[in-house]
Amino acid sequence: METLNLSFYDLVLLYLLLLIPCWISYYLKLGIIKDSLLAIGRMTLQLLLVGIYLSLIFDLNSIWLNFAWVTAMLLTANVTTLKRSNLAMKRTFITTFAGTAIGFTSILMYFVAVVIRPDPVYDARYIIPIAGMILGNCLRGNVISLERFYSGIREHEKEYVTYLLLGASVPEATRSYLRIALRASISPHIATMATLGIVALPGMMTGQILGGASPTTAIKYQIAIMICIFCSMLVSSALNILFTRKYAFDEYGMLRQDIFAKSK
Amino acid sequence: MSSVIALKKVSLKRGEQVILQDADLEVKAGSKIVIKGPSGCGKSSLLAALAGCYSPSAGEIYISGQKITGQNAAKLRRDIAFIGQEPVTGAEIVREALLLPFSFKANNHLKTTEEEILSVIERLHLKPEILDKECRHISGGEKQRIVIARALLLKKKIFMADEPTTGLDLDSSHAVIEILSAPEFTVISASHDEHYLGHQEQVYMFENRKLKAANEVK
């Protein structure tokens, strides 16, 4: 089955649709016209550049270029994670990078090298989009888990210190905060999996079907990717907490305040 | 008699601000000492430092003759029970709260029995039914006594108590004072409660960054 291509003219027709939200915003004085148009402009430019870059990567299909691209994705995801979870880069960058890298690459490699086995195994058409989907979800999970874990200890400092004074080690005293953080991080994905296909058709599956794949193939890929995301999210969220925890407490077991980014 | 707790030229900081300077104090086994001072002067910070929660900016703190350092703080503070103004039970059910510390590795060598729990509960004028109640459904005074009961089960002998009777009803307050007055316990507390102060042997004033003996009450 051939995919119907969108021409430049088709895209112009699509942008015309924007007149409707613009009119609603103008009429109701929502004040979102400028932000919306800027966001759409940015999205268009970013996706055009990514499109060009991906075409190049797919054509070259070099192991080193793919590796560099995935590493760049990881670095960007790590910086974003730390910024959003309000943690200081200086104290946590290496540990969270290691945690995400292990959680993400181990599952990615298993899926690509053991399950789908493309030829060559580093085929950019598989590695890059799958990496993007897994990493995007890991990022979301890591932000929630790190933020919940450290803010939980900070907000319940008396409770945490009580555990220490009752003889708990730092791992023991932080266990309940770890559980809460990991549950919060993974629960949205569990809920998504439970309702997938009923409430909404997932983007990857829809994309594959529109791209000409059979629904059966698309479904199998979707199941695979959801399982990979689930595993990767949980592993990287847990490792991020376990790795940062080693450096987040002083020798008295108290949470170091310099673990948090300075508020502006 | 040797000191259970000793401060030698101890200074404490809160952020960059010095809150205590060159404090010396020796607390003998079985002593009951209370620290008075304006609110916010740093009494709670001093108690936390004495409990081995953080290091002084200068000077040395000793527990049972051993200087507290980052390396041994976790070990030394196992001898100390900390009773805060807002008691933290740390579990949903009272019984779970009492048994919580026994789940920690460092307390593996300690054991408790149902008889022991019931005896401690009775000693604190609590009814056995409380054991199955949810912690959020018991009063502040009961919570305070549960926290003390936990310390007794852990055979702790040194108590740091931050306003232990503030906000408690008369019965709870009496029970707390009675147990903390037992001769086998060494108690260092911070309090403004006149009734509680009347039961302490020595009052120290914490004012203008200095810790000074105020008077001999008994």
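**Figure 1. Sequence separation of contacts and overall make-up of chain A in the predicted model.** Among contacts in chain A between residues at least 6 apart in sequence, those joining residues at least 24 apart make up 74%; two residues are in contact if their C-beta atoms, placed from the backbone, lie within 7 Å. This is a predicted model, in which local features need pLDDT of at least 70 and side-chain atom pairs count only at pLDDT 80 or more, while totals for chains, interfaces and linings use all residues. Residues are numbered from 1 along each chain as its sequence is written, and chains are lettered from A and ligands numbered from 1 in the order in which they are written. Chain A has eleven helices and zero strands; helices (H or I, at least four residues) and strands (E, at least two) are DSSP runs, numbered from the N terminus. The C-alpha trace of chain A spans about 70 × 55 × 35 Å along its principal axes. Of its 264 residues, 29% count as buried. A residue is buried if 20 or more other C-beta atoms lie within 10 Å of its own, exposed if 12 or fewer, and partly exposed in between, with C-beta atoms placed from the backbone.

**Figure 2. The two domains of chain A.** Domain 1 covers 1-60 and domain 2 covers 62-259; the bounds come from an automatic or database domain assignment. Taken over C-alpha atoms, the centres of domain 1 and domain 2 of chain A are separated by 29 Å. Seven residues from domain 1 and ten residues from domain 2 make the contact. On the side of domain 1 that touches domain 2, five residues are nonpolar, one is polar and one is charged. In this classification Ala, Val, Leu, Ile, Met, Phe, Trp, Tyr, Cys and Pro count as nonpolar, Asp, Glu, Lys and Arg as charged, and the others, Gly among them, as polar.

**Figure 3. Helix α5 of chain A and its cover.** Helix α5(A) spans residues 89-116, and its buried residues include A:Thr92, A:Phe97, A:Gly99, A:Gly103, A:Phe104, A:Ile107 and A:Phe111. The cover over the buried residues of α5(A) includes α4 (63-84), α6 (124-155) and α11 (215-248) of chain A. Just after α5(A), A:Arg117 has a positive phi of about 45°.

**Figure 4. Contact between chain A and chain B, with helix α7 of chain A.** In this interface, 15 residues of chain A are in contact with 23 residues of chain B. Helix α7(A) (residues 157-165) supplies six residues, the largest share of the side of chain A that touches chain B. That side has seven nonpolar, four polar and four charged residues. In α7(A), A:Tyr160, A:Val161, A:Thr162, A:Tyr163, A:Leu164 and A:Leu165 are buried. They pack against α6 and α8 (170-173) of chain A together with β6 of chain B. A:Gly167 follows α7(A) and has a positive phi, near 105°.

**Figure 5. A:Tyr252 and the residues it touches in chain B.** A:Tyr252 lies in the segment after α11 of chain A. A:Tyr252 counts as buried because it has 20 C-beta neighbours inside 10 Å. Not counting residues up to four places away in sequence, A:Tyr252 touches B:Gly52, B:Cys53, B:Tyr54, B:Ser55, B:Gly70 and B:Ala73. A:Ser36 is 216 residues apart from A:Tyr252 in sequence and 50 Å apart in space, C-alpha to C-alpha.

**Figure 6. The open antiparallel sheet of chain B.** Four strands are arranged in the order β2-β1-β4-β5; two strands pair if DSSP finds at least two bridges between them. The edge strands, each pairing on one side only, are β2 (17-28) and β5 (66-67) of chain B. Five bridges join β1(B) (residues 3-14) and β4(B) (residues 58-63) in the antiparallel sense, and B:Lys8 stands opposite B:Glu60 in β4(B). Helix α1(B) (residues 43-50) lies across β1, β2 and β4 of chain B and runs at about 130° to β1(B). Axes are lines fitted to C-alpha atoms, for helices over the stretch in contact, and angles run from 0 to 180 degrees between N-to-C directions.

**Figure 7. Strand β7 of chain B and its parallel partners.** Strand β7(B) (residues 158-162) is largely enclosed by the rest of the structure, because five of its five residues are buried. B:Ile158, B:Met160 and B:Asp162 point one way from β7(B), and B:Phe159 and B:Ala161 the other way. Four bridges pair β7(B) with β6(B) (residues 80-83) in the parallel sense, with B:Ile80 opposite B:Ile158. Strand β8(B) (residues 186-190) runs parallel to β7(B) and is joined to it by five bridges; B:Val187 in β8(B) is the bridge partner of B:Phe159. From β7(B) the chain crosses through helix α6(B) (residues 170-180) to β8(B) in a right-handed β-α-β crossover. A crossover is right-handed if, with the strands pointing away from the viewer, the path from the first strand over the helix to the second runs clockwise.
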